[in-house]
Amino acid sequence: MMYNVCPQCGLSRADKIIDPEGPYAICPECGARQPFKRLPLLVVGGASGSGKSTACQHLMRTGMPDVVLLDSDILWAPAFDKPEEGYQSFFEIWLRLCKNINQSGRPVTLFGAGLGVPENLETCTERRYFSGIHYLALVCGESELRHRLEERPAWRGNRSPAFLDSQAQFNEWFKAYTGHPPIQRLDTTNAEPEETARRVARWIHAVLGELPHEGQEDPPQER
């Protein structure tokens, strides 16, 4: 509820009016202006098996003190399993959490499959509290993706033909995406987990302005 509750009238509204000059979140009921930190959100998406969770865990172990690293699976619950609403409540709760974390002065890098699809976040009410959302998709060759999923423990339920096909199609969707906002892509087909994590870290630093954009080692773009 933090930053959605107006300190003046007490009304809880996520749809506050944003004045970027402050920035301020303006209560639509009483007009109270509440200052807040409007930081970017970084999202690392991709199909299951592309390397998201492994990269996140590696970066957590090695440490990235300037950002908060989170895997979106930690909040998943049956209550969010609502395909009829496009899983909107799951995306909204994640944006609300990241917005509140941002108030500590550290931006969030969020790893998650569906969160990597811009349409899922850009239409959310809570999207307005971020200066921008930057997207990176981990992709790989189809045979390698299927191999990784088939090698997972049986209890994860990742070996069924239907699931393998769905993730292969999702992987291809990321490869073919040319929409706006853009998604940068990183091919993990032949990369060791440590190399993938290093390049994700480099992307994070570049987005946050800690590395020059000209001449840097960008993740390769799939054509």
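This is a predicted model: local features need pLDDT of at least 70, side-chain atom pairs count only at pLDDT 80 or more; totals for chains, interfaces and linings use all residues.
Helices are DSSP runs of H or I with at least four residues, numbered from the N terminus.

Together with Ile74, Leu75 and Ile93, Leu97 forms a nonpolar patch on the surface, and the accessible area of the four residues together is about 310 Å².

An open sheet is built from 3 strands in the order β1-β2-β3, with antiparallel pairing. Strands β1 (17-19) and β3 (33-35) each have a single partner and stand at the edges, so one side of each lacks a neighbour in the sheet. From one strand to the next, the twist averages 30°. Within this sheet, β2 (residues 24-26) is joined to β3 by 3 bridges, and isoleucine 26 lies opposite arginine 33 of β3.

Strand β7 (residues 133-139) is largely enclosed by the rest of the structure, because 6 of its 7 residues are buried. Strand β7 pairs in the parallel sense with β4 (residues 41-45) and also runs parallel to β8 (residues 183-187), to which it is joined by bridges.

| Strand pair | Sense | Bridges |
|---|---|---|
| β2 and β3 | antiparallel | 3 bridges |
| β4 and β7 | parallel | 5 bridges |
| β7 and β8 | parallel | 5 bridges |

Conventions. Residues are numbered from 1 along each chain as its sequence is written. Side-chain values use heavy atoms; hydrogens and water are left out. Two strands pair if DSSP finds at least two bridges between them. Helices (H or I, at least four residues) and strands (E, at least two) are DSSP runs, numbered from the N terminus. Axes are lines fitted to C-alpha atoms, for helices over the stretch in contact, and angles run from 0 to 180 degrees between N-to-C directions. Patches are made of residues with over 30% relative accessible area and no salt bridge: like charges are joined within 9 Å, nonpolar side chains (Val, Leu, Ile, Met, Phe, Trp, Tyr) within 5 Å. Accessible areas come from the Shrake-Rupley method with a 1.4 Å probe; for residues, only the protein chains shown count as cover. A salt bridge is a side-chain nitrogen of Lys or Arg within 4 Å of a carboxyl oxygen of Asp or Glu. Buried means under 20% relative accessible area, exposed over 50%, partly exposed in between (1.4 Å probe, protein chains only).
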